[in-house]
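Me: I would like a close look at one part of this protein, namely how its charged side chains pair up. Please take your time over it.

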Amino acid sequence: MSPVAIGIDIGGTGIKAAAVDLEAGELAGDRVRIPTPKPATPDAVIETAAQTIAELPTDVPVGIGFPAAFVDGEVMESPNMDPAWLGLNARDAFSERLGRPVTLLNDADAAGVAEVRFGAGKGVEGVILVLTLGTGIGSALFTRGHLVPNTEIGHIELRGKDAELRAAASVRERKDLSWKKWAGRLNEYLNAVDRLFWPDLIILGGGVSKKPERFMPHLDVRAPLEPARLANHAGIVGAAFRAAYLAPAPGRRRRAPARSRRRSP
Ligand code: BGC
């Protein structure tokens, strides 16, 4: 039987979880989805995440993708979630409530892990950049299959603004832009990113990856572009995969400065 882990994908609108078949890179059972509580405070979100996995096995690794940059489990930045998350050690808080250690990683990093391993990046050598286009713009950067965590490339400056405020998929809906007009904004963003990283492949994920024909014909970028293949499930699959094979979660252990380490307590 193929190994299984649990993946939880936390987003601004929904919290989704499922058991994942780690060899196939597919869900091993039904996906549970519960709307993200409003306000999305740590206590409320952690409680809801616990509910999503209540019926799933308790003896397998758990990975959680969350829209934030983390250092050693601590939330450093999370523009689209409740400010109460900032500075919290979310990994410890989730582990405590779920009664077992969890692997916590950025949501786009989780989706990227799945796309590179099982989706549009499978078998591609070199530098791959996965961009998730949703409420914000998430990013996951890989070199030869290795993730550089927490890249936050959605926040580069474009025309004097945070890029995700101009080019995220949510901007198209909020401003009622045509697909072509939005693709123009996305094209400008992708060219700026291409000039910074010169990747061998850019994978475009998020809900819009289900409708690539609407916007991809309007894009003109040096780097090859591919729509993501795992669509809705990438975040769950990648979080589970990371928990099973690449724990501990990305981030560095803080070390005391050399001088204070020498002192005896
Ligand atoms: C956050 C990222 C996240 C992305 C997609 C951005 O606003 O800064 O951490 O990956 O949204 O959810």
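Me: Which residue's side chain meets that of Arg144 in a salt bridge?

Reply: This is a predicted model, in which local features need pLDDT of at least 70 and side-chain atom pairs count only at pLDDT 80 or more, while totals for chains, interfaces and linings use all residues. Residues are numbered from 1 along each chain as its sequence is written, and side-chain values use heavy atoms, with hydrogens and water left out.

The side chain of Arg144 meets that of Glu125 in a salt bridge, at 4.0 Å from N to O; the term stands for a side-chain nitrogen of Lys or Arg within 4 Å of a carboxyl oxygen of Asp or Glu. Because Arg144 lies in the loop between β10 (137–143) and β11 (146–148), and Glu125 in the loop between α3 (107–118) and β9 (127–133), the pair ties together parts that are 19 residues apart in sequence (helices, H or I of at least four residues, and strands, E of at least two, are DSSP runs numbered from the N terminus). Arg144 counts as exposed at 65% relative accessibility, and Glu125 counts as exposed at 56% (buried is under 20% relative accessible area, exposed over 50%, partly exposed in between, with a 1.4 Å probe and protein chains only).

The structure holds 8 salt bridges, and one of them joins Asp194 and Arg222 at 2.7 Å, N to O. Here Asp194, in helix α6 (residues 179–197), is linked to Arg222, in the loop between α7 (212–215) and β15 (225–227), 28 residues apart; Asp194 is buried at 2% relative accessibility, whereas Arg222 is partly exposed at 47%. Asp9 forms a salt bridge with Lys16, with the closest N and O atoms 3.8 Å apart, and both residues are buried.
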